Amino acid sequence: MDKLLIVEDDLGIQKQLKWGLPGYELLFAEDRQKAISQLRRHEPKVVTLDLGLPPDPANASEGLAILSEIMSLAPNTKVIVVTGNSDKANALKAIELGAYDFYQKPIEMETLAIIVARAFHLAKLEEEYRQLQHAGNPFGGIIGTSPNIQKACKLAERIAKADITTLLLGESGTGKEVFAKAIHEASPRAKGPFVAINCASIPDNLLESELFGYEKGAFTGANKTTKGKVEFANGGTLFLDEIGDMPLNLQAKMLRFLQERVIERVGGRAEIPVNVRVICATHRDLPEMSKKEEFREDLYFRIGEVTIEIPPLRDRSGDVVVLAKHFLNMFNQEFSQNVRGFTESAIQALMAHPWSGNIRELQNKLKSAVIISDNNMITAEDLGFFDYQENPNEVSDLNLKTVRERAESEAIRTAYAQAKHNISRTAELLGVTRPTLYSLIEKNNLTDIKSS
């Protein structure tokens, strides 16, 4: 059943709407705090909003402020503003701020019901259109709105059409394989195979035969000639995950393959030409490994014709909540659950956690939370965070002190990411001294930010 949020302080009108709109799950709010709390928790597609609300019901200032906040938090929401009979000016102002439509009192239920039904129909069409856009865009599966993840996506999208060897750098769990698949699907090789191999998960003595295949009789147990991953990727894309863990003795053979696009199976002498695009990924510092002669410098230069840095989740301001909602919807469908959203303390816990395991850690926490939750809202405890107390009064996180602290923490993290984890440069970007920055880091308990 579609959720309809009604922001109205008149109990008589609430009762009238409850009687006159029977086909929806109705949510009620009498003021801004409750309205935003309901919006965050239930994400209704349509809202009816009375502009004359306390603490100043004689004017439209509070209603317009709520409208602005709704448009900021959920811009796709269809807001129908309800105004007095002679308040056309504020109705038009509401439209300018992003309201879908307006309706003037006194309320005629038949007319309002038609406007609400039309709003839900439009919201559904727009949602279907967005899904179709994502379905046609390989990079639509990379969820996030932060500037640094968008920058990585744009670079990946630009180089997808060019048959160029690409190196993806990022911590474990940041989504390197997701990026590799998106590049493949956006490339002219999309109809060819995408073959992935994790160089760290296969023993060194077996990795060469896994990559290049082997001839019959090449070693004990080689009962027949077998193709390797490289040959299976012919005409498509080969993804070498954790290439930084490839043994040195195999790196020379890999370099020759990349330069000449020919391979030799283990135990064979014939050169086999292959036509593949190669995408590599690692969480390791290849330049530092090259200095220590743990990774061939010439191979590093060869695989890094284009390098894309995928940011860790802690440096993606605001994306944690976006991803959490995405995973919530995904696991609701997978496990036939109906968990509607997150409590305020759960949101705070999600934003405060350092996420050393990145998106993989977040996904695992959401999966278990959806399964074990016995409420319609995920709590901090469901997520495994036990230091956050649930507020029984459902107080919104619009407290000015909380908002300031959250904004301060996000600004520090964003500057730290832009400064490539250099403390002095971070302080410069924030316009504070280094000692002041240390004080702010300690005050906001940003324990994952280290001096450099």
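Predicted model: local features only at pLDDT ≥ 70, side-chain atom pairs only at ≥ 80, totals over all residues.
**Entry 1: getting my bearings**

Residues are numbered from 1 along each chain as its sequence is written, and side-chain values use heavy atoms, with hydrogens and water left out.

Next I looked up the overall extent. Taken along the principal axes, the C-alpha atoms fill a box of roughly 90 × 55 × 40 Å. Of the 452 residues, 45% count as buried. Buried means under 20% relative accessible area, exposed means over 50%, and partly exposed is in between (1.4 Å probe, protein chains only).

**Entry 2: two pairs across the sequence**

I picked Leu17 in helix H1 (residues 11-20) and found it buried, at 4% relative accessibility. From Leu17 to Met254 I count 237 residues in sequence and 70 Å in space, C-alpha to C-alpha.

Then I turned to Thr282 in strand E11 (residues 277-282), which is buried at 0% relative accessibility. Thr282 and Ala200 are 82 residues apart in sequence, and their C-alpha atoms are 9.9 Å apart in space.

The UniProt record, an unreviewed entry, has the annotation "modified residue: 4-aspartylphosphate" on Asp50. I keep in mind that UniProt positions are given in the numbering used here, that feature names are shortened, and that annotations may be inferred rather than shown by experiment. In the model, Asp50 lies in strand E3 (residues 46-50) and is buried, with 7% relative accessibility.

The record, again an unreviewed entry, also lists "domain: Sigma-54 factor interaction" for residues 142-371. Over that stretch I read 44% helix and 13% strand, with the end C-alpha atoms 24 Å apart.

**Entry 3: salt bridges**

Side chains of opposite charge can pair when their charged atoms come close. My rule for a salt bridge is a side-chain nitrogen of Lys or Arg within 4 Å of a carboxyl oxygen of Asp or Glu, and the count comes to 21 salt bridges.

Which parts does the pair of Arg118 and Asp101 tie together? Their closest N and O atoms are 2.9 Å apart. Arg118 lies in helix H5 (residues 109-135) and Asp101 in strand E5 (residues 101-104), so the pair ties together parts that are 17 residues apart in sequence. Arg118 is partly exposed at 44%, whereas Asp101 is buried at 16%.

I looked up two further pairs. Arg296 and Asp298 meet at 2.8 Å, N to O; Arg296 is partly exposed at 29%, and Asp298 is partly exposed at 34%. Asp319 and Arg316 form a salt bridge with N and O atoms 3.0 Å apart, and both residues are buried. I also found a network of salt bridges linking Arg256, Glu260, Glu264 and Glu271.

**Entry 4: a nonpolar patch and its neighbour in sequence**

Phe335, Ile371 and Ile372 form a nonpolar surface patch with about 260 Å² of accessible area together. Patches take residues with over 30% relative accessible area and no salt bridge; like charges are joined within 9 Å, and nonpolar side chains (Val, Leu, Ile, Met, Phe, Trp, Tyr) within 5 Å. The areas come from the Shrake-Rupley method with a 1.4 Å probe, and for residues only the protein chains shown count as cover.

Phe335 sits in the loop between helix H13 (319-334) and strand E13 (341-342). Ser336 is in the loop between H13 and E13 and has a positive phi of about 55° although it is not a glycine. Is Ser336 buried or exposed? I found it exposed, at 67% relative accessibility.

Last, I checked the cis peptide bonds. One runs from Pro54 to Pro55, with omega near 15°, and Pro55 is in the loop between E3 and helix H3 (61-73). Another joins Lys105 and Pro106, with omega about 5°; Pro106 is in the loop between E5 and H5.

Methods. Helix = DSSP H or I, 4+ residues; strand = E, 2+ residues; numbered from the N terminus.
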